[in-house]
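I opened the model today to look up its core, its surface and its rings. My entries follow the structure.

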Amino acid sequence: MDVATPEPAPTLEPDVVGPARHVWRIFLLTAVAAVFLHWTLRHSEARLRDGLRSIESARQIDAGAWRDGLVRGMDHPLHPLGIVAMHRLIGVEGPEWWERAAVALGFASVVLLVIPVYLLTRDLFGDRAAWLGVVLFVVNPVVGSVVVNVLSESTFLLFWTWGLWASARFLREGGFFWLPLAVGFGGLAYLGRPEGLLLPAAAVATLALLPLHPVTRINWPRWWRAIAFLAVGSLVLAGPYMAAKGKLATRPGLARALGLEAHSPAVALERETPLASGQTVFETYRLASVQMLEAVNANVPLSVLALAVLGLAAARSSRAPARTWLFLGVLSATSAAALIRLHATAGYCSPRNALVPGMILTLIAAHGLAWLMDHLSFDGRLLGAPGERLRPGPAVWAGAVALGILLPRFHGAAVSTPGPFNVYWDAGIWLSNRAPEEGGVLDLTDWSLYFSRREGATFAQIHDAAADPKLRWIVALKSQTEGASTYAPTLRELTGGLPPVVLVPESPQPGQVQIQIFDRLAAARIAREKVETPPRR
């Protein structure tokens, strides 16, 4: 089922790497990814609470409450189901073991991500770019933070990248075999996160734009069938879940970006900062564009971005035909527009939201670096070989990649911790030793209350908890108490401006997470003493 007549392929040197060598390379790269992620887990701490929702959904599914865990929750079901499977392999109960199962799932997903990233980069840019693309993407600190914070992006990226590879193969070869794979992996990516539907949508948009390309000669009946298969196949896979949920977008942020829900209120909890009064639409989208660029830059630092520009300039020397480049362009443009819209309507756009355009730019950067390796040589006279031009070998280039790109990404990550959740575990132990009669708990980290195994209010209930007369303990990260967030005034009112009674840890290392626990009872007593004590004359 060829959709289009193949375009004239660029002149390329034949691959010198056989199948056995590719398997060996992938094995080594997965080992490198595993070592790097283990290092990351030992030198990072969780800072986000989103992953806890997936764990709670997984616990509901494991307990037999399938509808609550799969349909009624905010998150899509693939990641919670993976956590259930991993937890059953571990076979030990307790909140800490559910957390470890979630970490193990993210770890395994990112290690296995090496395979589709390698295949995708090789098909797009050749053998040399393949291993470079894997290295550049896996060492992305944002990818490591996804594992550390047990986020659903880990399983999403695995199936998304397989779908991206199948789509690229279809656009290059036109064979029908790749369409079911692209649709199937796109459907699985959607079950991981709602943005998975962007993959088949971008493929359909690319096919719709192909007639405008002067080189591509379209086989019209097959072109229509390909578009219909992508559209109908995606609807068949995603439709039942949409029907069960009763809506297209289960996450409020995506629903707002699509215009299905109203914009977030000016002081909504999800907003990074309060929305300024009287802010114009132009200013809103200007700030959203800046935030989008910052989120992409967190995934693609300037050194890698420079290589991506070089890769775009060397596009003619790549394996990818023009229609594949069109597909990558459509995917990048729609992702960027979605991120801008997300910030403009929901008030946030974090680096993990920009992993899709970050991956595309990183793989193009690998092509730029491979092109540079092929064309850069040195005057042999510097090394005592007059009249010769010397090219660095793979070992020299691997060292240069490590020094020039990888090492700067480790800057500031020198904290050695027992695990990414150790501070929350310690705070949870402290909370578990407090009797319920002593007063209620509001935990803005969510994780401390989870590990304590006691009831209490979480971050999403901060405004309701403020009116609870039985509330005594306030648990928050230091960054939350010092930041200018939408909930900062409520938090300051709850703590009464007094210092915390407990610090976990007491003396944090640079870059280490610190949890502060406040006692509202002490704050109320001090406030009464100030009122009852007459001022001195």
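These are my notes, entry by entry.

**Ground rules.** I am working on a predicted model, where local features need pLDDT of at least 70 and side-chain atom pairs count only at pLDDT 80 or more, while totals for chains, interfaces and linings use all residues. Residues are numbered from 1 along each chain as its sequence is written, and side-chain values use heavy atoms, with hydrogens and water left out.

**Overview.** I counted 24 helices and 7 strands in the protein chain. These are DSSP runs numbered from the N terminus: helices are H or I with at least four residues, strands are E with at least two. Of the 537 residues, 50% are buried. Buried means under 20% relative accessible area, exposed over 50%, and partly exposed in between (1.4 Å probe, protein chains only). I also checked contacts, meaning heavy atoms within 4.5 Å. Among those with a separation of 6 or more, 75% join residues 24 or more positions apart.

**Core.** Which residues have the most contacts inside the largest nonpolar core? They are Ile 55, Trp 160, Leu 207, Phe 327, Tyr 424, Trp 447 and Ile 515, in a core of 111 residues. Such a core is a set of buried Ala, Val, Leu, Ile, Met, Phe, Trp, Tyr and Cys residues joined through side-chain atoms within 4.5 Å. Another core lies apart from it, with 14 residues, including Phe 459 and Leu 491. I then looked up Trp 160. Leaving out residues up to four places away in sequence, Trp 160 touches Ala 189, Glu 195, Gly 196, Leu 198, Leu 199, Leu 331, Val 356 and Met 359.

**Rings.** I found 19 aromatic pairs. Rings of Phe, Tyr and Trp (its six-membered ring) pair if their centres lie within 6.5 Å; planes under 30 degrees apart count as stacked, over 60 as edge-to-face and the rest as tilted. Trp 24 and Phe 27 are stacked, at 5.6 Å centre to centre and 20 degrees between the planes. Both lie in helix H1, 3 residues apart, about one turn of the helix. Elsewhere I noted one aromatic cluster of Phe 421, Tyr 424, Trp 425, Trp 447, Tyr 450 and Phe 451. Tyr 424 and Trp 447 are also on my core list.

**Helix H1 again.** Leu 28 lies in helix H1, which covers residues 19-42. Is Leu 28 buried or partly exposed? Leu 28 is partly exposed, because its relative accessibility is 39%. Trp 24 is partly exposed too, at 48%.

**Loop.** Gly 496 sits in the loop between helix H23 (488-495) and strand S6 (502-504). Gly 496 and Arg 520 are 24 residues apart in sequence and 7.5 Å apart in space, C-alpha to C-alpha.
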